[in-house]
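Here is my note on the model you sent. Please read it with the structure open.

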Amino acid sequence: VKLLESGGGLVQAGGSLKLSCAQSGGTFSSYAMGWFRQAPGKEHEFVAAISYSGNHTYYSDSVKGRFTISRDNAKNTVYLQMNSLKSDDTAVYYCTARVARYYSADTIDYWGKGTLVIGSS
């Protein structure tokens, strides 16, 4: 299973950005998907997750109300729409997959290589 993120970049505070993660190999529609991020000098932080069907979503308190996770099982792709970006959102964002219907931040089976998001103040 390979996960390939795209869509990162530099955005001004208050702006928006949409990340995509395309999965190859495996059965995407059977996997719960999620996003983690790692800011400079900090540990990995859970951001958002979505169940295999897309019916259940989960967010960290730091992004709730600003970020939206979604998936298109026909395209083997998961998205992260980020609005009202802040400088604190600056991090490398990683796409993750769990070989299960529902997500668990403690049990990740696959990681992407990450895409850098910079929120400039």
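1. Basis. This is a predicted model, in which local features need pLDDT of at least 70, side-chain atom pairs count only at pLDDT 80 or more, and totals for chains, interfaces and linings use all residues. Residues are numbered from 1 along each chain as its sequence is written, and side-chain values use heavy atoms, with hydrogens and water left out.

2. Main core. A nonpolar core is a set of buried Ala, Val, Leu, Ile, Met, Phe, Trp, Tyr and Cys residues joined through side-chain atoms within 4.5 Å. Buried means under 20% relative accessible area, exposed over 50%, and partly exposed in between (1.4 Å probe, protein chains only). The largest such core has 25 residues. Met33, Trp35, Val78, Leu80, Met82 and Tyr93 have the most contacts inside it. Strands 3, 4, 5, 7, 8 and 9 each supply at least two of its residues. Strand 9 gives the largest share, 4 residues. Strands here are DSSP runs (E, at least two residues), numbered from the N terminus.

3. Second core. A separate core of 5 residues includes Ala32, Phe36, Tyr103 and Ile108.

4. Tyr93. Contact means heavy atoms within 4.5 Å. Leaving aside neighbours within four places in sequence, Tyr93 touches residues including Trp35, Leu80, Met82 and Thr115. Phe36, a member of the second core, is also among the contacts of Tyr93.

5. Strands 7 and 8. These two run antiparallel and are joined by 6 bridges; pairing requires at least two DSSP bridges. Thr68 stands opposite Gln81 in strand 8. Side chains alternate along strand 7: Phe67, Ile69 and Arg71 point to one face and are buried.

6. Positive phi. Which phi does Asn76 take in the hairpin of strand 7 and strand 8? The value is positive, near 55°. That hairpin has 4 residues between the strands. Asn76 is partly exposed, at 31% relative accessible area. Ser84, in the loop between strand 8 and strand 9, has a positive phi near 50°. Ser84 is partly exposed, at 41%.

7. Thr115. Is Thr115 buried or exposed? Thr115 is buried, because its relative accessible area is 12%. This residue is found in strand 11 (residues 115-120). Its side chain reaches the backbone nitrogen of Gly8 at 3.2 Å. Leaving aside neighbours within four places in sequence, Thr115 is in contact with residues including Glu5, Ser6, Leu19 and Tyr93.

Conventions:
Polar contact = N/O pair within 3.5 Å; in protein donor to acceptor, adjacent residues only side chain to side chain.
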